[in-house]
Every structure is written in C-alpha cells, then in structure tokens.
Amino acid sequence: MRVGRPSEGFAIMTKQMVSRLMKSGRFEITETDIPDAGEQDVVVEVASCGICGSDLGMVRASAGFDGAVLGHEFSGRVVAIGSKVEGIANGDRVTANPMVNFIGLGRTPGAFAQYVRIPAPVLGRNIFKLPDAIDDEAGALIEPLTVGLHAVNRSGAMAGDKVVIFGTGPIGICVLAALRARGVSDVLTIDPSARRRGFAQEMGAKAVHDPVDGSAVTFISGHFGSAELPYEKEPLAQADIVFDCAGVQAVLDEAVLSLKHGGKLMLVADPHDIVVPARLVMLHELSIIGAVGYEDEFDEAIAMLASGDVDLSFLVTHRFPLSQIDEAFAMQRNAEQAGKVLVEAGN
Ligand SMILES: [Zn+2]
C-alpha cells in the first residue's frame with residue numbers, strides 16, 4: 001500500500017509497529033502490515049494516544065483481550081483515504097469517536113500503534129478535524145474531555161449549583177473542566193492523592209480535601225451547609241450534585257450523606273459491584289444518574305479546547321514511546337505521580 005506522508009511526499013511503506021496486549025497483561029511490540037484504507041475507510045498516522053482508566057481495566061482482564069491493540073484517545077494525521085470517503089483529505093489532522101466502531105476497545109485495532117484505521121468515517125459523527133489551535137497532545141485529550149462533558153450534560157448542572165467531585169484523576173478533572181466552562185464555580189473536590197488535588201486546584205476547584213484529614217461530609221458541610229435529620233446521627237451536607245469519579249464503596253457511602261433533599265448522584269466511574277445505600281436515596285428523594293462515554297459532545301469539546309476556554313495541557317505529565325508501553329501503563333497506575341500518560345508512536 002502507498003502511504004502518503006504529507007511532510008515528506010509519498011514514500012512506499014508497508015509495515016508498522018503495533019503493541020498487542022497479551023494474556024500475561026503485558027504488551028508485545030510486533031511488526032505488522034499498515035492497515036489498508038478499504039473503499040470506506042481512512043488510515044491515520046498516530047501522533048499521540050492517551051491511556052484511559054478503561055485501558056487499565058482491560059489489562060487487568062487481559063485474558064479476554066489476548067492480542068488486542070488498545071488505544072482509543074488519539075490524534076493523528078490522515079495518510080490514506082478510501083475512494084468512497086467524503087469530506088476528508090490526506091494531511092487532515094483528526095481525532096475519532098472510538099465508540100462508534102469500538103476502536104481500541106477490544107474489537108477494532110486501536111492507536112497504541114503507528115497507524116490506525118477508522119472504518120466508515122463520517123465527519124462530525126466518528127471522525128473530527130482538529131483546528132490548528134489544538135496540538136497533537138490536546139487532540140488526544142478530546143475524548144476524555146468529551147466523557148466529562150457528557151457527564152455534566154447528564155447532570156443538568158447550571159451556574160449556581162453546589163457541586164462535589166469525588167476523585168480527580170483525568171476523568172474527574174475533565175468533569176471539573178466542563179463544569180467550569182459552563183460557569184459552575186462552586187465545585188469542591190476530594191482525592192487522597194496530593195498530585196490530583198493539585199490538578200483540581202489548577203482547574204479551578206473552590207476547595208480540595210484530603211480524606212486523610214477527616215470526613216468528606218464534614219468538609220462539604222463547611223462549604224455548602226448541613227441539615228440535621230431525626231433519623232441520622234450526623235448532619236448531612238447540602239450539595240446539589242455529587243459526581244463519583246472514583247468508583248469505590250467509601251465514596252458512595254459519603255456521597256449519599258453529602259446531598260441535599262432531591263440532589264443528584266452521578267455515577268461516572270465504573271462502580272463494579274458497589275452497593276448504593278438505597279434507604280437514603282428513598283428518604284432524600286435522590287436521583288441516581290449514570291453517565292458513560294458520550295453521544296454527540298465531540299464538537300463542543302473541540303470548540304472548548306480550540307477557544308482556550310478549557311486548557312488541559314497541565315494534565316499531561318508523562319510521555320512514553322510505543323516501545324515502552326508497559327512502563328507507560330505502570331506510570332498511569334501511579335496516582336501520586338501521573339495525570340494523563342501519553343504514548344507516542346514516533347512515526
Ligand atoms: Zn477513554
């Protein structure tokens with residue numbers, strides 16, 4: 001296959017390096033054919049690809065993903081286009097909505113590779129052009145920002161709402177970024193990692209809390225007020241909306257004690273087999289709302305980054321070449337050090 005590289009004219013290249021997840025939970029770098037752009041596809045030369053919490057989950061369940069090429073948070077440059085594809089040109093810088101074709105999610109090969117194929121690209125649906133104001137690294141952050149934006153859309157949060165985010169890893173920070181862009185300024189965040197509390201401060205949290213310093217409910221009460229109830233030993237905090245971006249039982253237990261009557265509990269992190277304290281949900285007429293992935297928020301996320309309303313560049317703490325993808329994953333698991341870790345195929 002002839003792959004056009006805009007910077008160098010056309011060169012004949014047929015092989016690429018990809019990383020495959022093995023049953024052992026480690027990656028193997030192998031040489032393989034560069035994917036073909038069938039009539040309906042485009043092939044993208046990967047610039048940067050972020051490691052997602054869901055990637056860490058797939059590595060933990062690696063037996064079910066043997067040989068898969070992961071990587072779904074990517075930016076890159078179009079280098080081959082099928083004859084039936086419209087509206088996209090060689091050299092266009094793009095990102096993709098990976099959920100449309102499960103790119104890098106276990107089914108369709110993803111972008112921890114030098115090249116990735118986007119099947120049946122439709123501009124504005126599963127492929128998006130990047131304006132010049134969004135560099136390759138910011139381009140790899142569009143997908144997680146879109147997750148945050150979708151969660152905020154699901155919550156209906158508006159300026160003036162009192163909001164709490166439990167967990168300020170990359171997704172919690174993207175929720176915070178989307179809230180701030182919407183004019184929601186009363187946002188408290190809670191995270192045991194000093195690094196992650198620092199990210200939240202950088203993104204404009206009103207106050208941050210380390211659970212080691214005491215109950216989150218007391219902390220939230222200090223900012224948003226509290227209510228005494230005859231059937232509760234301790235007063236409840238009075239947040240309008242709580243986002244769970246941590247996915248652990250202790251957070252859910254505190255979340256239901258942090259919401260005012262009629263408040264909303266947003267489940268953003270994968271709660272696995274966590275139990276939601278149902279009695280308080282009933283007594284306080286709480287709403288529990290799930291949020292996963294995104295629907296049509298890509299254009300808005302791109303506009304937020306391009307305008308400068310949202311700047312997530314501080315979140316990128318580490319970059320690794322594809323050949324060190326195991327080290328990259330180990331770093332992403334280190335909440336005390338890592339924000340977003342990017343893998344760069346280094347074409
Ligand atoms: Zn992701």
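Start with helix H6, residues 216–224. Its buried residues are Ala216, Val217, Phe219, Ile220, Ser221 and Phe224. Buried means that 20 or more other C-beta atoms lie within 10 Å of the residue's own; 12 or fewer makes a residue exposed, anything in between partly exposed, and C-beta atoms are placed from the backbone. Helices (H or I, at least four residues) and strands (E, at least two) are DSSP runs, numbered from the N terminus. An α-helix has 3.6 residues a turn, so residues three or four places apart point the same way. Step on to Gly225, which follows H6 and has a positive phi, near 85°.

Two notes on the model. Residue numbers start from 1 along each chain, as its sequence is written. The model is predicted: local features need pLDDT of at least 70 and side-chain atom pairs count only at pLDDT 80 or more, while totals for chains, interfaces and linings use all residues.

Now zoom out to the whole chain. It holds ten helices and 19 strands. Of its 347 residues, 49% count as buried. The C-alpha trace spans about 75 × 40 × 30 Å along its principal axes.

Colour by domain. Domain 1 is 2–141 + 312–344, and domain 2 is 147–290. These bounds come from an automatic or database domain assignment. The two domain centres, taken over C-alpha atoms, are 32 Å apart. Nine residues of domain 1 are in contact with ten of domain 2. Contact here means C-beta atoms, placed from the backbone, within 7 Å. On the domain 1 side, the touching residues are four nonpolar, three polar and two charged. Ala, Val, Leu, Ile, Met, Phe, Trp, Tyr, Cys and Pro count as nonpolar, Asp, Glu, Lys and Arg as charged, and the others, Gly among them, as polar.

Next, select Leu145 and Val175. In the largest nonpolar core, with 114 residues, these two touch the most other members. Such a core is a set of buried Ala, Val, Leu, Ile, Met, Phe, Trp, Tyr and Cys residues joined through C-beta atoms within 7 Å. Helix H4 (residues 170–181) gives the most to this core, nine residues.

Move to Asp186, in the loop between H4 and strand S11 (187–190). Asp186 is partly exposed, because 18 other C-beta atoms lie within 10 Å. Val163 is 23 residues away in sequence, yet the C-alpha to C-alpha distance is 6.1 Å.

Finish on strand S5, residues 42–50. Nine of its nine residues are buried, so S5 is largely enclosed by the rest of the structure. Show its partners; strands pair if DSSP finds at least two bridges between them.

- S6 (residues 73–81): antiparallel to S5, eight bridges. Val43 is bridged to Ala80.
- S8 (residues 115–118): antiparallel, four bridges. Glu45 stands opposite Tyr115.
- S19 (residues 340–344): antiparallel, two bridges. Cys49 has Val343 as its bridge partner.

Note on methods
Contact = placed C-beta atoms within 7 Å.
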